Amino acid sequence: MKAHKGLAMALLVLSMTIGCSKEAATHPANAPAQAVPQPAPKQSNSAIPVGPGPQGTYTVQAQPAPGSCHYRKTADGQPLPDPACTPGALNPTVTAANLADTICKSGYTASIRPNSTITGREKTENIKSYGYNGDPRDGEYDHLISLELGGDPNDAHNLWVEPPSPGHKDGAGPNNPKDGVESKLHTLICDGKVALSDAQVAIATDWTTALATVGFPAGK
């Protein structure tokens, strides 16, 4: 009788263990990320340089020679970078197939962003590259193709000191509506409404027209 009881107890423990293992494997928290649906791209991003991608330890990158870069402006005075100095650069680890595990995953951009001890020194030299003569606090050291759009974190081709937009009060800090454009493009990508490469080409070409270029002039 004791042997039968021992066998029954062992079977009970085994069934409970199997049940727990199955539950752990199928729990939503353990499920693989669902792929983000992507529309067929209309633009190829192959003309944009590809950067080295995220690094465990970032180093200060050399900037273009002093005075060699020249700002452009739109008709309404919004700043654009010099395409020869700042054409943008892509993060090679972000693809249309892995968006759910990269830019559409909460916390991803923070995990790959270089420390300000690196970018601060780069910004100082890039100010000279562009001949920026405003208050340094008002110039944002900006990723042309933002990290949330699959831009490279620290390639010099993808970073520029962006002057503040017209109407800015000196000394008030960065004032760049480009940030809002990037956020809307990110949402459109992660909602499966705009292809990754289309958004990257649009923002690298002219951030002021990027939303219209991808077919969403008013955003989402």
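# Notebook: a predicted model, element by element

**Overall layout.** I counted six helices and four strands in the protein. The model is a predicted one, so I looked up its confidence before anything else. Reading along the sequence, I noted the order α-β-β-α-α-β-β-α-α-α. The protein has 220 residues, and buried ones make up 40% of them. I also looked up how far apart in sequence the contacting residues lie. Of the contacts between residues at least 6 apart in sequence, 74% join residues at least 24 apart. For the accessible surface of the protein I have about 11900 Å², with 58% of that belonging to carbon and sulfur atoms.

**Confidence.** The average pLDDT of the protein is 88, and 83% of the residues score at least 70. Residues 10–30 are another matter: the pLDDT there is below 50, and beyond near neighbours in sequence the stretch has two contacts in the model. Where pLDDT is low, the predicted coordinates should not be read in detail. I left that stretch alone.

**Helix α3.** Next I went to helix α3, which covers residues 116–130. Its 15 residues reach 20 Å from the first C-alpha to the last, close to the 21 Å expected at 1.5 Å a residue. At the N-terminal end I found a cap from Asn115: a side-chain oxygen of this residue lies 2.9 Å from the backbone nitrogen of Thr117. Just after the helix, Gly131 takes a positive phi of about 65 degrees.

Which residues of α3 are buried? I listed Ile118, Thr119, Glu122, Lys123, Asn126, Ile127, Ser129 and Tyr130. What do these buried residues pack against? They pack against two strands, β3 (140–143) and β4 (159–162).

**Disulfides.** The structure holds two disulfides. With the bonded cysteines counted along the chain, the pattern is 1-2, 3-4.

I took the pair Cys69 and Cys85 to begin with; their sulfur atoms are 2.1 Å apart. The link of Cys69 and Cys85 is left-handed, with -100 degrees about the S-S bond. Cys69 sits in the loop between α1 (2–26) and β1 (72–73), and Cys85 in the loop between β2 (79–80) and α2 (108–112), so this pair ties together parts 16 residues apart in sequence. I checked burial as well: both Cys69 and Cys85 are buried.

The other disulfide joins Cys104 to Cys190, with an S to S distance of 2.0 Å. The torsion about this S-S bond is about -95 degrees, so the link of Cys104 and Cys190 is left-handed. Which parts does this pair tie together? Cys104 lies in the loop between β2 and α2 and Cys190 in helix α4, so the parts joined are 86 residues apart in sequence. The cut-off for buried is under 20%.

**His186.** I stayed with helix α4, residues 178–190, to look at His186. This histidine is buried because its relative accessible area is 18%, and the limit is under 20%. Not counting residues up to four places away in sequence, His186 touches Ile103, Cys104, Glu148 and Leu149.

**The loop between β2 and α2.** I looked up two further residues here, Asn91 and Ala100.

Asn91 is buried, with a relative accessible area of 2%. The Asn91 side chain makes a polar contact with the side chain of Thr93, at 2.7 Å. Which residues does Asn91 contact, leaving aside neighbours within four places in sequence? I wrote down Gly53, Pro54, Tyr108, Ile112, Gly150, Gly151 and Asp152.

Ala100 counts as buried because its relative accessibility is 16%. I also looked up its separation from Val36: the C-alpha atoms of Ala100 and Val36 are separated by 5.8 Å, and the two residues are 64 apart along the chain.

Key. Residues are numbered from 1 along each chain as its sequence is written. This is a predicted model: local features need pLDDT of at least 70, side-chain atom pairs count only at pLDDT 80 or more; totals for chains, interfaces and linings use all residues. Side-chain values use heavy atoms; hydrogens and water are left out. Buried means under 20% relative accessible area, exposed over 50%, partly exposed in between (1.4 Å probe, protein chains only). Contact means heavy atoms within 4.5 Å. The expected span of a helix is 1.5 Å times one less than its number of residues. A polar contact is a pair of N or O atoms within 3.5 Å; within protein, one must be able to donate a hydrogen and the other to accept it, and residues adjacent in sequence count only if both atoms are side-chain atoms. pLDDT is the predictor's confidence in each residue, from 0 to 100. A disulfide is a pair of cysteine sulfur atoms within 2.5 Å. Accessible areas come from the Shrake-Rupley method with a 1.4 Å probe; for residues, only the protein chains shown count as cover.
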